[in-house]
Amino acid sequence: MPLLYPLVLAAALFGIGVYGVLARRNAVMMLLGVELMLNAVNLNLVAFDAWFADALHSGQVLTLFTITIAAAEIGLGLAIVLALFRALRTVDVDEVGR
């Protein structure tokens, strides 16, 4: 499989994630955008690991590390969003800043 396919898919995922972070005002949707961007990075790491045929599989190891960081990030982010919702009854980022 050529390297171009996963790179295009990763670029599309990253672009959708950037759009989700910049265009949405809902905190949960912003977190989902960040997760899409992290998954795009994971896809690139695995694709380049397979492309270069790394004997140590460092791309896959870094992907596992990134998945761990992403899981911690989404857990902490959702806890913050839940605390904001309980305190302010909204998850709109613009209303939280006022």
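Trainee: Is T66 buried or exposed?
Mentor: First, this is a predicted model, where local features need pLDDT of at least 70, side-chain atom pairs count only at pLDDT 80 or more, and totals for chains, interfaces and linings use all residues. Residues are numbered from 1 along each chain as its sequence is written, and side-chain values use heavy atoms, with hydrogens and water left out. Buried means under 20% relative accessible area, exposed over 50%, and partly exposed in between (1.4 Å probe, protein chains only). T66 has 15% relative accessibility, so T66 counts as buried.

Trainee: Which residues does T66 touch, leaving out those up to four places away in sequence?
Mentor: T66 sits in helix α3 (residues 58-88); helices (H or I, at least four residues) and strands (E, at least two) are DSSP runs, numbered from the N terminus. Contact means heavy atoms within 4.5 Å. With that cut-off, T66 touches L38, N42 and L45.

Trainee: What is the distance between the C-alpha atoms of A70 and E35?
Mentor: A70 is another residue of helix α3, and A70 is buried because its relative accessible area is 6%. Not counting residues up to four places away in sequence, A70 touches E35 and L38. A70 and E35 are 35 residues apart along the chain, yet their C-alpha atoms are separated by 6.9 Å.

Trainee: How far apart are the end C-alpha atoms of residues 61-85?
Mentor: UniProt, in an unreviewed entry, places the feature "transmembrane region" at residues 61-85. UniProt positions are given in the numbering used here, feature names are shortened, and annotations may be inferred rather than shown by experiment. In the model this stretch is 100% helix and 0% strand, with its end C-alpha atoms 36 Å apart.

Trainee: Which side chain meets D94 in a salt bridge?
Mentor: Side chains of opposite charge can pair when their charged atoms come close. A salt bridge is a side-chain nitrogen of Lys or Arg within 4 Å of a carboxyl oxygen of Asp or Glu, and the count comes to 1. Here the N to O distance is 3.7 Å, and the partner of D94 is R25.

Trainee: Where does each of the two, D94 and R25, lie?
Mentor: D94 is partly exposed at 37% relative accessibility, and R25 is partly exposed at 30%. The pair links distant parts of the chain, 69 residues apart: D94 is in helix α4 (residues 93-96) and R25 in the loop between α1 and α2 (27-52).
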